[in-house]
Amino acid sequence: MESASFMKNVCNKYQRALHLSEEESKRDPDTDPFRSKYSARELLNEIKAQIGQQELGREEQASSPDPADSPGGILTIRLAVIELQLGVNHTETEELSAGEEHLVNSLRLLEPYRLRLECVSAYVQAQNNLGILWAGRGEIQVAQTYLESAESLYIQYMKQIGRPPLDLHEHFMEEEERLTEQERFKRFERVHTHTLYYLAQVYKHLELNEKSAQYCHTTLQRQLEFTSYNPMEWAINAATLSQYYLPKQLYMESRHCLAAADVILLQADHRVSAESVEEKQEYLEILGRRKAEIARCWIKYCLNLLQDAMKKLEDDIGELDSERQCDLKAQRKKEEDEVERKTAVLFGSSEIYDSVLAIEEKVACTYPLDFEEARALFLVGQYNVNEAKRYYKLDGHATDHIEILQDHSALFKVLAFYEDDYERRCKMHKRRIDMLEPLCKEINPQYYLLICRQLQFELADTYYEMMDLKIAIGNRLDELDCHTIKKINTLALSAIKYYEMFLDSLKGPDKTFPEILEEDVVRPALVAKFHIARLYSKLITTDGKKQLENMQTSLEYYSFLVNYCAKHKDAMKVVESELELSKEMAGLLPTKMERLRAKLASSH
């Protein structure tokens, strides 16, 4: 039997090494970030040497029925645990080759005993750490092999043995300090949860998105079940998962993830336990960012649901189709009568269920089919816009702040689709202009060229839409009044101004328009040309000469689109409908202009 003093000495060193690595290292200075890790490594190497000497001085007991029960076998397992800890230590201090060597040694030593309750947890953890190490090197498929092997071993052990295995730290505990069966079970389940978490990341890298989402959901569920999670991390992971469901139009699942994220994040609000003012401020800074990130996920949820509903409801000219609206309402009523609440992918934690349900009841997950339903969803989105802007301010987070405002504008745009009063619809578009125009003037295109282009194009489109609405309002009048004519012309010229700004941004240093457009701007550039052509034809004037000038300008823009597509056949397929109309107008306008010239000549 090994001496009690030897075991006590080794256990003390191991516990000191753990404390250094897991607790003291958090307080290491920036100038020496791995100080405690290096001290822990020294202790682990001392233990390794002591075990090695112990093994050399002992003859293997061949009569032992199970090598794991023999003194030599026990020493081998302890040595494997130390190799595992050294592997983790070297990996954490960015010495990957040494880390890999120790982890592989650990697996080699444990291999004969991997299904034993003394070894299985250590073996799985060694595989997990090798998976992380290889993923860090960008070798995702190697990481996948280790992690899937860890998952298989867990499944095999639970099927064949099923008893809670020893935690790896128990090999360096006195008998009276050993864990209860319940604590062993919890720790082993946490180890398996880590395997699933890392596999979720691996599958995401391999673009196995559905599998990644399944593993991410299972991980989150298990973390709740075994109360093993950091609230901020759990909440952000749940919110991230919600975004996976959006393009699949799985809005119930997406909403559930976001509601759960909100509930769990509240726990972080009550955990501001910091030793210093600086640490507290740092914690609150991170918490503020997490709240803003989850708010942005809510914005995307509301926007996607509104936009998907709009696609289902719009007719050929982009207006709300009342017949389709009635059909969808009838279909929804039928589904509500037939289908009960789904629970397949929901988080089944009774502790948070009521709180999550309370949030879900305030936010729809079905397509909004009329203005009131759309407005309710819009208000949730707008509330989260304001929440996100608290953290993402223009000064310091310019790109994020602008994207949030662009989403806010998009929320107004889709809400306007549901509004049947043209004047109120115009006011919604005016809100978009009021939030985007100051931005467009403020940000520097030298640093934010792509964002400037997006804003210019959106402002142009918004003014264009308002002009069309004002024309529709004017058409209801017996005769256009001066105020309406002035408004139509002002909106048209504003749209032209922003389309021209966008087109100017495409010019080279020599201020000439490119002969060949970059692939990502072909459609917007040609659409801008097409819209400018149409806008000039919509300008209202009683001056025949000015009208002729506008028609000439309109013809030039239509002709540009036709000629560009004739030279660059690839462009034809991205502007099919615009090209067809441009050809038609390029054919009609010269005749109309001749008539106008003749009319003007005869009037003199």
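Reader: Does Cys257 count as buried or exposed?

Author: Let me begin with the ground rules. This is a predicted model, in which local features need pLDDT of at least 70 and side-chain atom pairs count only at pLDDT 80 or more, while totals for chains, interfaces and linings use all residues. Residues are numbered from 1 along each chain as its sequence is written, and side-chain values use heavy atoms, with hydrogens and water left out. Buried means under 20% relative accessible area, exposed means over 50%, and partly exposed lies in between, with a 1.4 Å probe and protein chains only. At 2% relative accessibility, Cys257 is therefore classed as buried.

Reader: How many disulfides are there?

Author: A disulfide is a covalent bond between the sulfur atoms of two cysteines. The criterion here is a pair of cysteine sulfur atoms within 2.5 Å, and the count by this rule is zero. For Cys257, the closest cysteine sulfur belongs to Cys216 and lies 7.9 Å away, which is too far for a bond. Cys426 is likewise in no disulfide, as the nearest cysteine sulfur, that of Cys482, is 19 Å away. Cys426 is buried, with a relative accessible area of 4%.

Reader: Which buried residues does helix 16 have, and what covers them?

Author: An α-helix has 3.6 residues a turn, so residues three or four places apart point the same way. Helices are DSSP runs (H or I, at least four residues), numbered from the N terminus. Among the buried residues of helix 16 are Tyr422, Arg425, Cys426, His429, Arg432, Ile433, Leu436 and Cys440. Their cover includes helix 14 (371-391), helix 15 (398-418), helix 17 (449-475) and helix 18 (482-504). Contact, here and below, means heavy atoms within 4.5 Å.

Reader: Where does helix 16 bend?

Author: The bend at a residue is the angle between axes fitted to the seven residues ending there and the seven starting there. Helix 16 bends by about 25° at Leu436, and Pro438 follows within four residues. The expected span of a helix is 1.5 Å times one less than its number of residues. With 21 residues (422-442), helix 16 reaches 31 Å from its first C-alpha to its last, close to the 30 Å expected. At its start, a side-chain oxygen of Asp421 comes to within 3.0 Å of the backbone nitrogen of Glu423.

Reader: Where does helix 21 bend?

Author: Helix 21 bends by about 25° at Leu588, with Pro590 following within four residues. This helix (576-603) has 28 residues and spans 41 Å between its first and last C-alpha, close to the expected 40 Å. Its buried residues include Glu578, Leu579, Leu589 and Met593, and what covers the buried residues includes helix 19 and helix 20 (544-567).

Reader: Which residues of the largest nonpolar core touch the most other members?

Author: In soluble globular proteins, nonpolar side chains tend to be buried together. A nonpolar core is a set of buried Ala, Val, Leu, Ile, Met, Phe, Trp, Tyr and Cys residues joined through side-chain atoms within 4.5 Å. The largest such core has 176 residues, of which Tyr14, Phe172, Ile294, Tyr301, Tyr499 and Leu526 touch the most other members. Helix 11 (277-313) gives the most to this core, with 14 residues. Contacts of Ile294 beyond four places in sequence include Ala235, Ile236, Leu258 and Leu265.

Reader: How far apart are Tyr251 and Tyr301 in sequence and in space?

Author: They are 50 residues apart in sequence and 7.8 Å apart in space, C-alpha to C-alpha. Tyr251 is in helix 10 (251-269) and is buried, at 3% relative accessibility. Beyond four places in sequence, Tyr251 touches residues including Tyr301, Asn304, Cys365 and Tyr367.

Reader: What is the phi of Glu207, and what is that of Thr227?

Author: Most residues other than glycine have a negative phi, and most peptide bonds are trans. Glu207 has a positive phi of about 60°, in the loop between helix 7 (181-205) and helix 8 (209-225). Glu207 is exposed, with a relative accessible area of 64%. Thr227 also has a positive phi, of about 40°, and is placed in the loop between helix 8 and helix 9 (231-245).

Key: Helix = DSSP H or I, 4+ residues; strand = E, 2+ residues; numbered from the N terminus. Polar contact = N/O pair within 3.5 Å; in protein donor to acceptor, adjacent residues only side chain to side chain.
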